[in-house]
Amino acid sequence: MFTRIDHVGIAVEDIDAAIALYDEQYDLELVHREIVEEQGVEAVLLDVGENHIELIAPLGPETTVAKFIAKNGPGMHHVAYQVEDIEAEIARLVASGIRMIDREPRTGIRGSRVAFLHPKSTAGVLTELTEPAKDH
Ligand code: CO
């Protein structure tokens, strides 16, 4: 079961320029900033009520986010749904015919465990499952 929308992911070229918009101009609270090597990004979380905006900037030109920006330009990248048991959700989705990018969870921002669904199975929306670390 998807229990809530955890975050919307926004692909940006310049993370400091994006922080200036979201933190200073929108006045959202920046709560976390991290290099997530496994996803090839520098990522920032800002609180919006109990949900988040996740800004992601590519670490290099060969990363998937750099390729996304080269193809589509910066902007909306993915929607992340919170789940309580990510292995069970992956198994449930695969059984229902969904194509997964990740059949095994990988490390996401702030100690979360994440898995992406393939956009070919999701009407074009890159979709993430996220199981937050227990202390978040
Ligand atoms: Co995300």
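Visitor: Which residues make up the largest nonpolar core?
Guide: The largest nonpolar core has 12 residues, namely Ile10, Val12, Ile15, Ala18, Ile19, Tyr22, Leu28, Val44, Leu46, Ile53, Leu55 and Ala57. A nonpolar core here is a set of buried Ala, Val, Leu, Ile, Met, Phe, Trp, Tyr and Cys residues joined through side-chain atoms within 4.5 Å, where buried means under 20% relative accessible area, exposed means over 50%, and partly exposed is in between, using a 1.4 Å probe and protein chains only.

Visitor: And which elements give two or more residues to this core?
Guide: Those elements are α1 (15-25), β3 (41-48) and β4, and α1 gives the most, with 4 residues. Helices (H or I, at least four residues) and strands (E, at least two) are DSSP runs, numbered from the N terminus.

Visitor: Before we go on, where does the model come from, and what was counted?
Guide: This is a predicted model, in which local features need pLDDT of at least 70 and side-chain atom pairs count only at pLDDT 80 or more, while totals for chains, interfaces and linings use all residues. Residues are numbered from 1 along each chain as its sequence is written, and side-chain values use heavy atoms, with hydrogens and water left out.

Visitor: Back to the core, then. What does isoleucine 53 touch?
Guide: Not counting residues up to four places away in sequence, isoleucine 53 touches Val8, Ile10, Tyr22, Leu28, Val44, Leu45, Leu46 and Val48, and contact means heavy atoms within 4.5 Å. There is also a second, separate core of 9 residues, which includes Val36, Val41, Ala43 and Ile69.

Visitor: Which residues of α1 are buried?
Guide: The buried residues of α1 are Ile15, Ala18, Ile19 and Tyr22. They cover an arc of only 100° around the axis, and therefore sit on the same side of α1; the arc is that of the directions from the helix axis to the C-beta atoms. Among the elements that cover these buried residues are β1 (4-11), β2 (29-36), β3 and β4, whereas the face of α1 turned away from its buried side carries the exposed residues Glu24 and Gln25.

Visitor: What happens at the start of α1, and what follows the helix?
Guide: At the start of α1, a side-chain oxygen of aspartate 14 reaches to within 3.0 Å of the backbone nitrogen of aspartate 16. The helix α1 is followed by aspartate 27, whose phi is positive, near 65°. Most residues other than glycine have a negative phi. Aspartate 27 lies in the loop between α1 and β2, and at 63% relative accessibility aspartate 27 counts as exposed.

Visitor: New topic: which protein donors hold the cobalt ion?
Guide: The protein donors are His7 (NE2), Glu54 (OE), His78 (NE2) and Glu128 (OE), which lie 2.1 to 2.3 Å from the cobalt ion. Donors are N, O and S atoms within 2.8 Å of the metal (3.2 Å for Na, K and Ca), and because water is not among the atoms, sites may look incomplete.

Visitor: Why is the arrangement called irregular?
Guide: The 4 donor atoms subtend angles of 84 to 162° around the cobalt ion, which makes the arrangement irregular. Four donors count as tetrahedral if all angles lie between 85 and 135 degrees; four count as square planar and six as octahedral if opposite donors are over 155 degrees apart and all others between 65 and 115; anything else is irregular. Glutamate 54 lies in strand β4 (residues 51-58) and glutamate 128 in strand β8 (residues 127-131), so the pair ties together parts that are 74 residues apart in sequence.

Visitor: Are those two glutamates buried or exposed?
Guide: Glutamate 54 is buried, and glutamate 128 is buried too.

Visitor: What about α3, which residues are buried there?
Guide: In helix α3 (residues 86-95), the residues Ile86, Glu89, Ile90 and Leu93 are buried. Seen down the axis of α3, they fall within an arc of 100°, so they line one face of the helix, and their cover includes β7 (113-117) and β8.

Visitor: Last one: what does the side chain of glutamate 42 make a polar contact with?
Guide: Glutamate 42 lies in strand β3, and its side chain makes a polar contact with the side chain of arginine 33 (2.7 Å). A polar contact is a pair of N or O atoms within 3.5 Å; within protein, one must be able to donate a hydrogen and the other to accept it, and residues adjacent in sequence count only if both atoms are side-chain atoms.
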